Amino acid sequence: EPRVGGCMLCLTLQRNAPALLTSRCLMKLRPSQHTSLARAQATNTPPPPNSGPGGMVKSPKVAQRDAVISKLRKREEEERKYGAPLGQAVIISIAGFGVLAVFVSGWLWQAGLLSRRKRVRSDMEGVGSLLDEKHVLTSNCAGCNQKITGTLVAAGGQLWHPQHYTCAQCGTGLQGRLSFLRNGKLYCDTDYSKIFSPKCTVCEEGLSRKSTVTNTWGDSYCSKHSSKHKTCTACERLLAPKTTGGGVKYSDGRHVCNTCRETAVDEVKDASALFEEVRADLERLTGLDLGSEGIPVRLVDRSGFGRDTLHTQGLTKKRILRGMMRGRAVGRTVDEVLVLQGMPRLLAGKVMAHELMHCWLFYQKFPDMPRISEEGLCELMAYLWITAKAREAKTEAEAREAVYRVQALESNANALYGQGLHLALRSLIASEVSLEHFLDTIKRTGKLPTGPVAAALPSSPSA
């Protein structure tokens, strides 16, 4: 049989498609490939996987070219359909949604609607620290931002001139009146009740001005409820179901609401951990080295203090060690710090800050001074700690309680503790030095300074 180009495949093509014939093999295949394809056609077996139309076998180059063309056509189709190749379109879409999610979550976080933890809006939000970075007490009035000289008023975690300590609503002076802090502003009891407490917090009925009682938390309720419900000894709120969820009575006669019970310190291990936390906080706030590690803390009920059990919340048991021969002092030790059991955590921490200052003054060998001066310095430490907690609160409940504790210290009418705090604050402002230098001056002179301290003295080493 005649052959063209020595290829049986070409003869087959001659019979089927003569126009495609040339004097050379159309596919430029090796004779063995032509032979296998011709044999496959003769026996009606399936062509090889890489064969083209008519049973022609594609060369590797042609097969690669066709694969590239197919891929490009698929890509063009995806671009017409999605605007980009499918893989790129998916990646771009995911990235776009991610960027959008970041912007939306950031906006929601700023608005306080979304965050890892809910944004706490404290009534002391915006109130600055009492001590600056050099641990010098801020002496500017919160009302006029001018320096305070002479008489001052401590309220809402800030210091005021007496003439500027007024209600934000009506402008009435607040000295000698019940005041409330709300969103960084102070209000008299009348305006606070009118603006923020339109309904009774106990029975939720409308309030009549003549029969309304507003407690130190700003809760207003009908006066008839005062005789029906006990008052919490820790927070002064009514033990009513809709305000505090009721409460319990301790074995020593105290009534404590269930709200305070949620954070009550009942175990010695919890008290010891809180004591160390308060010590670390005060060292950070004041720059002092309190050095009170290892002082044991014991929880007691009212009978454990052995004196004035009605109002005592903490007591430091300390003693001077004396030699056997001449009875000279050879050392000092604090045996233990007693803390009233079952108090809510912030109140217990405030008491511990007070007692820590007693320990520090004792170990630093401060001279004997009037008790009002020593108690005033200890209340100053408690005040610095609780105002910091009010600013750094992590929950709404903690922020509200801390603000209440701040106001309780500021409005304390006790001749020893309340007046002692204000005496210490006035003296620290008048000294115009850091807290450390202020305390060094007291250690040297044995009394609170009444004017500027001439020179900053180096701190004394621990005993």
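The lining of the second largest pocket draws at least two residues from each of α6 (258–261), α8 (345–363) and α10 (396–410). Helices (H or I, at least four residues) and strands (E, at least two) are DSSP runs, numbered from the N terminus. The structure is a predicted model: local features need pLDDT of at least 70, side-chain atom pairs count only at pLDDT 80 or more, and totals for chains, interfaces and linings use all residues. Residues are numbered from 1 along each chain as its sequence is written, and side-chain values use heavy atoms, with hydrogens and water left out.

The second largest pocket holds about 340 Å³ of space. A pocket is defined on a 1 Å grid over the protein atoms alone, as an open set of points where a 1.4 Å probe fits, with protein on both sides within 12 Å along at least five of seven lines; lining residues have an atom within 4 Å of a point. Grid points are joined across faces, edges and corners, and the volume is the space filled by probe spheres set on the points. The lining of this pocket comprises 17 residues, of which Thr259, Thr263, Ala397, Glu398 and Glu401 are the closest to its centre. Helix α10 gives the most, with five residues. By class, the lining contains six nonpolar, four polar and seven charged residues. Here Ala, Val, Leu, Ile, Met, Phe, Trp, Tyr, Cys and Pro count as nonpolar, Asp, Glu, Lys and Arg as charged, and the others, Gly among them, as polar.

Salt bridges were searched over the whole structure, and 17 were found. The criterion is a side-chain nitrogen of Lys or Arg within 4 Å of a carboxyl oxygen of Asp or Glu. Arg177 is partly exposed at 34% relative accessibility, and Asp189 is partly exposed at 27%. Buried means under 20% relative accessible area, exposed over 50%, and partly exposed in between (1.4 Å probe, protein chains only).

Strands β10 and β11 are also bridged. Lys317 pairs with Glu336, with the closest N and O atoms 3.8 Å apart. Lys317 belongs to β10 and Glu336 to β11 (residues 329–340), 19 residues apart. Lys317 is partly exposed at 34%, whereas Glu336 is buried at 16%. Arg319 pairs with Asp335 at 2.8 Å between the closest N and O atoms. This pair again links β10, through Arg319, with β11, through Asp335, 16 residues apart. Arg319 is partly exposed at 42%, as is Asp335 at 33%. Elsewhere, Glu277, Asp281, Arg284, Arg345, Lys389 and Glu392 are linked in a network of salt bridges.

Two loop residues were also examined. Gln313 lies between β9 (297–300) and β10 (314–322). Gln313 is partly exposed, at 27% relative accessibility. Beyond residues up to four places away in sequence, Gln313 touches Phe305, Leu338, Val339, Leu340, Met343, Leu347, Lys350 and Val351; contact means heavy atoms within 4.5 Å. The C-alpha atoms of Gln313 and Leu347 are separated by 9.3 Å, at 34 residues apart along the chain.

Ser434 occupies the loop between α11 (418–431) and α12 (435–445). Ser434 is buried, with a relative accessible area of 10%. Its side chain makes a polar contact with the side chain of His437 (3.2 Å). A polar contact is a pair of N or O atoms within 3.5 Å; within protein, one must be able to donate a hydrogen and the other to accept it, and residues adjacent in sequence count only if both atoms are side-chain atoms.
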